Structure formats: C-alpha cells, structure tokens
Amino acid sequence: PKDKEIIDMTEFNKNYELKINLESAECIIRIGVYKETTIEAIKKSIRWMFNIDTMNQISLYYHKQKLNDSKYIKDYNIQNNETLTLYINTMEFLESMSEHEEKLKAHPN
C-alpha cells in the first residue's frame with residue numbers, strides 16, 4: 001500500500017533466501033530470512049527492532065492463519081516477497097515504550 005512506510009531490514013543481512021514483508025497498521029517491514037528460519041526467530045527480531053518486552057505481545061499471521069513459533073518458514077510454504085500480517089498487543093507495547101523512555105531519560109548513556 002502506498003500510504004504505509006516500508007522499512008527494509010534486508011540491508012543488515014545480505015545472505016537471505018527470501019524477503020518477507022511484515023505488514024502492520026503503520027508500516028511494512030521487509031526482512032531477510034531462510035526457509036529454515038523459525039517463526040520464533042522472526043518474532044525475536046521484531047522484539048529487538050521495536051524494543052518489545054515479551055514475545056507474547058507479537059502475533060504473526062499468514063493468510064489469516066496464526067503462525068506457530070516452533071514452525072519454520074518452509075512449513076507454511078511461504079515464498080519470496082510474500083506478506084505476513086504482524087499484530088502487536090498495542091496496550092502492552094505502549095506501556096513498555098513508556099517505561100523504556102523513562103529508563104533512557106534516567107540513564108541517557
């Protein structure tokens with residue numbers, strides 16, 4: 001969609017097999033993965049990118065099917081440039097961001 005910002009995270013990892021688009025309400029994040037990448041590993045990357053406290057704040061869907069953390073990209077037959085839908089529990093996320101900002105103010109270095 002033209003109204004969403006696209007953040008390309010594949011530049012950080014040139015050795016990927018597939019580009020996966022993670023679509024949320026605000027933006028599309030393009031990441032590089034292997035077919036042997038687990039859903040949990042993708043969620044860990046998202047957690048790191050957005051400074052999310054817990055993994056259970058993140059849900060990934062493919063064709064309206066919730067993806068299981070222990071499964072691999074290849075288990076869902078996800079192909080290059082396909083899109084996964086990303087849901088972040090907004091209330092928990094906003095609370096964690098607020099706490100993070102307070103920690104940064106207290107310890108800016």
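Where does His 63 lie? His 63 sits in the loop between S4 and S5, and this briefing looks at that loop and the strands around it. The model here is predicted, so local features need pLDDT of at least 70, side-chain atom pairs count only at pLDDT 80 or more, and totals for chains, interfaces and linings use all residues. Residues are numbered from 1 along each chain as its sequence is written, and side-chain values use heavy atoms, leaving out hydrogens and water.

- S4 covers residues 58-62; strands here are DSSP runs of E with at least two residues, numbered from the N terminus.
- S4 is mostly covered, with 4 of its 5 residues buried (under 20% relative accessible area, using a 1.4 Å probe and protein chains only).
- S4 pairs with S6 (residues 83-88) in the antiparallel sense, over 4 bridges; pairing takes at least two DSSP bridges between two strands.
- Over in S6, Ile 88 is the bridge partner of Ile 58.
- S4 also runs antiparallel to S5 (residues 65-66), joined by 2 bridges.
- Lys 66 in S5 is what Tyr 61 stands opposite.

**The turn between S4 and S5**
- S4 and S5 make a hairpin, with 2 residues between them.
- His 63 isn't a glycine, yet its phi is positive, near 50 degrees.
- His 63 counts as exposed because its relative accessibility is 64% (exposed means over 50%).
- Lys 64 is in the loop between S4 and S5 too, and has a positive phi of about 70 degrees despite not being a glycine.
- Lys 64 has 82% relative accessibility, so it counts as exposed.
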